Each structure stands twice: as structure tokens, then as C-alpha cells.
Amino acid sequence: LIHFYKRRLNEEKMVKNFQTLRGIQSPVGKSPAPARGRRRSISSKTGSSSASKPGAGPSIAANINVAVRVRPENAREEAGCQRNIINVIDKNMLVFDPQDEDEGSFFFKGKRQGMRDLNKKAKKDKTFTFDNVYSPGSTNDEVFQGTTKNVVTTLFDGYNCCVFAYGATGSGKTHTMLGSQDNPGIVFMTMREIFDRVDLKEDTNFEIFLSYLEVYNETVRDLLTLDQTKTLKVREDNKQTTSIPGLSVHKPKDPDEILQLLSYGNSNRSQHPTDHNKESSR
């Protein structure tokens with residue numbers, strides 16, 4: 001309970017920091033509390049409300065969805081007959097380090113003992129819930145349909161959106177986000193969805209631009225330029241607007257051109273082989 005209380009306090013601090021960063025002003029006497037559960041929404045109504053503080057910015061809403069994809073076993077793990085420590089229960093739940101069926105008992109001198117074998121480390125058997133959970137047999141298209149496709153809808157509603165992959169080396173981030181020519185990842189499918197929706201909106205003009213950069217060892221590089229030795233600087237002005245002077249901007253005509261740009265950028269990214277992944281992205 002103490003840990004949960006501290007966690008809630010930290011979440012409230014995060015909400016206040018988010019509002020300060022974005023210039024959100026809450027109605028007087030009411031401070032938005034973080035939503036409980038996996039999805040956390042932050043919203044504030046300002047402007048026409050008489051209770052709003054003067055100088056408040058536009059209404060801002062933020063929503064975070066967390067999805068987990070369990071990768072299949074690699075060749076080394078299959079050859080070593082290693083134990084799988086992730087058990088997917090359904091589309092929203094998984095168990096980390098699950099107990100074996102005979103975890104609660106063991107045999108001693110031919111008789112089953114009604115207790116745990118103290119010579120073995122106890123399994124954690126922890127259950128976690130997320131907005132989406134994908135099994136090792138899932139495809140990139142299934143992940144896109146259940147996660148990022150909805151983000152495109154939010155994008156066309158006028159909101160800034162962000163999708164990123166987080167995980168240990170060899171967990172499959174590059175495969176999920178970038179994929180390959182035969183099995184494209186989320187980035188390509190997202191841009192294809194954007195182009196398809198742009199074609200349906202004949203009464204509106206759209207311009208699609210693309211940049212591709214890498215941040216590694218506190219060095220920023222443009223992955224789409226010929227001179228890969230040139231480094232860039234991230235700058236922020238007094239209006240908290242972030243810019244990267246010198247970053248190339250491209251205007252692709254269709255999703256296929258985007259895939260070509262991504263392939264070229266991938267060939268320039270920093271790589272370093274590890275025990276888990278010989279082509280690990282840095």
C-alpha cells in the first residue's frame with residue numbers, strides 16, 4: 001500500500017510537470033488527477049470557461065496506450081531448450097516467470113511432498129495487464145491494426161502523436177518498427193495508412209514531410225544525408241520549441257518511396273553486435 005501511495009504521488013507530480021511544460025491551466029479549485037488503470041488520460045478545458053486563469057493556452061488532451069509484444073524464441077534459445085518465462089493469458093494479460101504445474105510439490109524417496117522444494121528458487125508468478133498483449137505468433141500487421149492505426153485517426157483530428165518501441169537488446173524493436181522489404185513494420189504501414197486517408201480527403205490539402213535521425217552517445221546524425229560524418233545540434237528557444245538546424249527534410253510521393261528512404265537510413269544507422277543480436281541497432 002505504501003508503494004502504491006508513493007507511485008500515485010509520483011504520477012500526480014508527472015501530471016503537474018506535464019501541465020507546466022505545455023502551459024496547461026486547470027480550472028480554479030480543481031487539479032486533474034491521473035486516471036487509474038493502464039490508460040492514463042490528461043485533459044484540461046480552458047479558454048471560454050470563466051473559471052480559467054488568464055493567459056491559458058488551448059485545450060490539450062494526452063492519452064497513452066501501452067502494448068507488449070512477446071517475441072518468439074531465437075535459434076540459440078531453442079537449441080539450449082531454455083525455459084520460457086512469459087506466458088500470454090489473453091489480449092490484455094500475461095504472467096511473468098509462471099509457476100510450473102508441479103511447483104507446489106516435489107518427490108522425495110518416491111513420495112510426493114506437499115511443499116515447495118527449497119533447493120529451487122521460487123518462481124515470481126507475477127501477473128501484468130496492458131492495453132494490448134501480443135503472443136509470439138503475432139504479426140506486424142496485427143500489432144499495427146491494434147495499436148498505431150488508431151493513432152492515425154487521432155493525428156487527423158489535429159493532435160501531435162508519437163509511437164516508440166522500448167525494450168532490451170534483441171527483443172525485436174527493429175523488427176516491429178521497421179521490418180523488412182517482405183515484412184514491413186509499423187512505420188511503413190502507418191505512412192501507407194496516412195497516404196490512403198489523404199487521398200480520401202479531396203477538400204483538404206496535405207503536405208507530408210519526412211526526416212530520419214539518430215541519437216547515439218549524445219551525438220545526433222541525419223541518416224538520410226550523404227555526409228554521415230556531420231553531426232547536428234538539438235536546440236530549444238524561449239518558447240520551448242525544439243528544432244534541429246541542418247536536418248534534411250524529404251517530401252515522399254507515396255509509401256514505396258518512404259520504404260526506400262527508410263532502407264537507406266537503416267544502412268547508415270550505428271550498429272554493434274551483441275550476444276543477443278548480431279545486428280543490434282544503437
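Here are some friendly notes on a few local features of this predicted model.

1. Ground rules. The model is predicted, with local features needing pLDDT of at least 70 and side-chain atom pairs counting only at pLDDT 80 or more, while totals for chains, interfaces and linings use all residues. Residues are numbered from 1 along each chain as its sequence is written, and side-chain values use heavy atoms, with hydrogens and water left out.

2. Three strands make an open sheet in the order β4-β5-β8, with antiparallel pairing. Here strands are DSSP runs of E with at least two residues, helices are runs of H or I with at least four residues, and both are numbered from the N terminus. Two strands pair if DSSP finds at least two bridges between them. β4 and β8 stand at the edges with a single partner strand each, so one side of each has no neighbour in the sheet. On average, neighbouring strands of this sheet are turned by 25° against each other, direction ignored.

3. From β4 to β5. Strand β4 (residues 86–90) and strand β5 (residues 93–96) run antiparallel and are joined by four bridges. The hairpin between β4 and β5 passes through two residues. Which residue of β5 is the bridge partner of Asp90? That partner is Met93. Ile86, for its part, stands opposite Phe96 in β5.

4. From β5 to β8. Strand β8 (residues 126–129) runs antiparallel to β5, and four bridges join the two. Leu94 has Phe128 in β8 as its bridge partner.

5. Two helices crossing. The axes of α4 and α6 come within 10 Å and cross at roughly 40°. That angle makes α4 oblique to α6. Axes are lines fitted to C-alpha atoms, for helices over the stretch in contact, and angles run from 0 to 180 degrees between N-to-C directions. Angles under 35 degrees count as roughly parallel, over 145 as roughly antiparallel, 65 to 115 as roughly perpendicular, and the rest as oblique. The crossing of α4 and α6 is right-handed, a label used if the near helix is turned clockwise from the far one by less than a right angle, with anticlockwise giving left-handed.

6. Who meets whom between the helices. On the α4 side, the residues are Thr148, Lys149, Val152, Thr153, Leu155 and Phe156; they meet Ile186, Thr190, Glu193, Ile194, Arg197 and Val198 in α6. Contact means heavy atoms within 4.5 Å.

7. An aromatic pair. How many aromatic pairs does the structure hold? It holds one. Phe156 and Phe206 are edge-to-face, at 5.4 Å centre to centre with 65° between the planes. Phe156 lies in helix α4 (residues 148–156) and Phe206 in the loop between α6 (186–200) and β10 (213–216), so the pair ties together parts that are 50 residues apart in sequence. Rings of Phe, Tyr and Trp (its six-membered ring) pair if their centres lie within 6.5 Å; planes under 30 degrees apart count as stacked, over 60 as edge-to-face and the rest as tilted. Phe156 is partly exposed at 23% relative accessibility, and Phe206 is partly exposed at 34%. Buried means under 20% relative accessible area, exposed over 50%, and partly exposed in between (1.4 Å probe, protein chains only).

8. Positive phi in a loop. Asn217 is not a glycine, yet has a positive phi of about 55°. Asn217 is found in the loop between β10 and β11 (219–222) and is exposed at 62% relative accessibility. Glu218, in the loop between β10 and β11, has a positive phi near 60°. Glu218 is exposed, with a relative accessible area of 81%.

9. Gln181 sits in the loop between α5 (173–177) and α6. Is Gln181 buried or exposed? With 55% relative accessibility, Gln181 counts as exposed. Leaving aside neighbours within four places in sequence, Gln181 is in contact with Leu259 and Ser263. Gln181 and Ser263 are 82 residues apart in sequence and 8.6 Å apart in space, C-alpha to C-alpha.
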